[in-house]
Amino acid sequence: MSVESDNMRGTVSTARSRPAVLRHVPYFIAAAVLVMLAASMQFDGYVLNILLQATTFSIAVFGVSVVLGLCGQINLAQAAFFGLGAYAVGLGTTDLQMSYWLCLVAGCLVAIVAGAFLGMSTLRLGGHYLAMVTISFQQIMTLVMINAIWLTHGPDGVSRIGRPSLFASSQSYLAFCVAALAIVGYIVWHLPDTKLGRAMRAVRDNELAAGVNGIDIFKTKVYAFAICAMLGGLAGGLFAGGFAYVSPDQFSFAESIVFLTMSLLGGVASPIGSVIGTGLLILIPEWLRFLKSVPGLYLAIYGLFVILIIRFMPEGIWGFVTAGFDRWRTKTKAPPAVKPLQLKPATTGGDIVLEVKGLSKHFGGLKAVDSVDIAVRRGGVHALIGPNGSGKTTTLNVLSGLYKATSGTILLDGTDITNMPPHQRTAAGLGRTFQNIRLFRSMTALENVEIGAERSGNTMIGTGGHAALTERAMEALTFVGLGNRANELITSFSYGHQRLIEIARALAANPTLLLLDEPAAGLNSTEKLELHELLKRIAAQGLTILIIDHDMTLVSEAAQHITVLNFGRRIADGESMAVLRHPDVVSAYLGSE
Ligand code: ADP
Ligand code: MG
């Protein structure tokens, strides 16, 4: 058994890694050619300046594409981070006579710290508040650059900035910047396929689902901000060395908007888009230079240009181009052969997996859940039923940490999880699905399920790396009958199949306890039968299930134990048949007869 699994793991990983290495070779050849061109072409000063600006700005825009494109967070202060790096190199190499390299690194570090700090203090807010706070940060930085004259030389700026002796000529410095662009671009290009990158995409697509699938949302956002800021700082440092002069107006709020526009214009989701957008937004003003004699006309046409592109290519220019490619690409890749899915829920702890005591959740005066006790037995199916609005979903939301309990305690396998954030509860062994399906909609079925499989503490993955993750996800998808459609985007699945993918995502994590919120809702009768059969196969492997459902046939057949809620209170609890005959339950469901 173990030999067989090792073999399979071996085939999967070599099949993945060998072409991967080859895939990267052309990129580095192309990058090397570009660097050599930059070093050897005899550009005149004007072209050189434009190229230098485009290269350094592109790196800052990469940062925007990470924080906004990958993680979905708005940052309107990228010029401030750019300025931090630029001033670090500017002041470091002139006033402090330090080495350029040291200053470049210091600039990146200062930017990282500022970015992470900004992230930490603001990300709990999100949305408009986040935008406001980043703007405030930007304005404060501008004020410091202008007014802290003792430090920054004020509006005069810093001139005669040094650059490394190795790249003393502008031409060689440009080649160095192109090399930096290529390396950073490579990393940003591959970031979405790393654990952190997947977490960022999950947070962007559906924050609630990301949390209950084991992703630390706060940490992910702070990392995204720190990376964005670091790229801003790096770009600023390179810029300062290139132009040998910096002043506060180069790092204003307006410049932050320019970085954002560059990213949106080219395509926020990709580093290629960043380069295209940056290049265009630097070139358009040059092309329109002849209009500058007519006041106002230049800005109007420039603005119209940008608005038209964004209006007709909402995914940016690169997004528009790749959407064209996608139509021609066949997506049906044969999935690798898989073993049957093993659900090996933890068996340590006592007979009771989940013990809920006196749980309440009040929304102002509304007692959505009112002092409820539930004890879920290991290895059984436990149903939570009740009329609409009786507090079932709210109970699940409190259990999985989306809501904070007003009072009461929740023990999972003896561990008190009452005050844990969602991802820690997931790590502790809680899995769930949602009443309104919450999948990561920009991803494929396989990628969705991989995120589930990736939860920390999933003993079925161990240290097997990405190959083991893919294998586990394929097993879970095959288990729900969708293994042959693994590489299709979520949007191409029917509602019923999306439910199955959500269940597969929860199963891949190998939970101790699975919470299902009305899995049969919205399914047709065939799909309901399939779901019923799937639940039997899950229960047969000994996984404990707490299920909310309205279908009394399903509930009475599948569940050994039922808890009934009405107006947030527990009105009955016990062995299935007895509960369903309980007079209070009958009257809650059927009226008073
Ligand atoms: P069920 O899932 O049993 O149909 P819910 O748990 O969704 O019921 O809702 C229980 C009650 O709590 C309802 O009256 C609902 O309007 C209320 N409720 C649920 N979520 C919120 C919320 N976020 N804010 C205010 N009231 C809520
Ligand atoms: Mg509900």
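This note goes through helix contacts, a sheet and a group of aromatic rings in a predicted model.

1. Helix 8 and helix 10. Helix 8 covers residues 195–205 and helix 10 covers residues 217–243; their axes come within 10 Å and cross at roughly 110 degrees. Helix 8 is therefore roughly perpendicular to helix 10, since angles of 65 to 115 degrees count as such. On the side of helix 8, the contact is made by Leu196, Ala199, Met200 and Val203. Helix 10 contributes Ile217, Thr220, Lys221, Tyr223, Ala224 and Ile227. By type, the residues of this contact are eight nonpolar, one polar and one charged.

2. Helix 19 and helix 20. The axes of helix 19 (residues 495–508) and helix 20 (residues 525–540) come within 11 Å, with a crossing angle of roughly 10 degrees. Because angles under 35 degrees count as roughly parallel, helix 19 is described as roughly parallel to helix 20. Gly496, Leu500, Ile503 and Leu507 of helix 19 meet Glu527, Leu531, Leu534 and Ile538 of helix 20. The residues of this contact divide into six nonpolar, one polar and one charged.

3. An open sheet is formed by four strands in the order 2-1-4-5, with antiparallel pairing. At its edges are strand 2 (366–377) and strand 5 (415–416), each of which pairs on one side only.

4. Strand 1 and its partners. Strand 1 and strand 2 run antiparallel and are joined by eight bridges. They form a hairpin with two residues between them, and Gly364 in the turn has a positive phi of about 60 degrees. Strand 1 (residues 352–363) also pairs with strand 4 (residues 407–412), in the antiparallel sense and over five bridges. Another position to check is Lys357, which stands opposite Thr409 in strand 4.

5. A helix across the sheet. Which strands does helix 15 lie across? Helix 15 (residues 392–400) lies across strand 1, strand 2 and strand 4. Its direction is at about 115 degrees to strand 1.

6. Phe57 is buried, with a relative accessible area of 5%. Phe239 is buried too, with a relative accessible area of 6%.

7. Phe251 is in the loop between helix 10 and helix 11 (253–266), 12 residues apart from Phe239 in helix 10. Both Phe239 and Phe251 are buried.

8. The ring cluster. Which residues do ring pairs link into a cluster? The cluster consists of Phe57, Phe82, Tyr87, Phe239, Phe243, Phe251 and Phe259.

Definitions and conventions: Residues are numbered from 1 along each chain as its sequence is written. Chains are lettered from A and ligands numbered from 1 in the order in which they are written. This is a predicted model: local features need pLDDT of at least 70, side-chain atom pairs count only at pLDDT 80 or more; totals for chains, interfaces and linings use all residues. Side-chain values use heavy atoms; hydrogens and water are left out. Axes are lines fitted to C-alpha atoms, for helices over the stretch in contact, and angles run from 0 to 180 degrees between N-to-C directions. Angles under 35 degrees count as roughly parallel, over 145 as roughly antiparallel, 65 to 115 as roughly perpendicular and the rest as oblique. Contact means heavy atoms within 4.5 Å. Ala, Val, Leu, Ile, Met, Phe, Trp, Tyr, Cys and Pro count as nonpolar, Asp, Glu, Lys and Arg as charged, and the others, Gly among them, as polar. Two strands pair if DSSP finds at least two bridges between them. Buried means under 20% relative accessible area, exposed over 50%, partly exposed in between (1.4 Å probe, protein chains only). Rings of Phe, Tyr and Trp (its six-membered ring) pair if their centres lie within 6.5 Å; planes under 30 degrees apart count as stacked, over 60 as edge-to-face and the rest as tilted.
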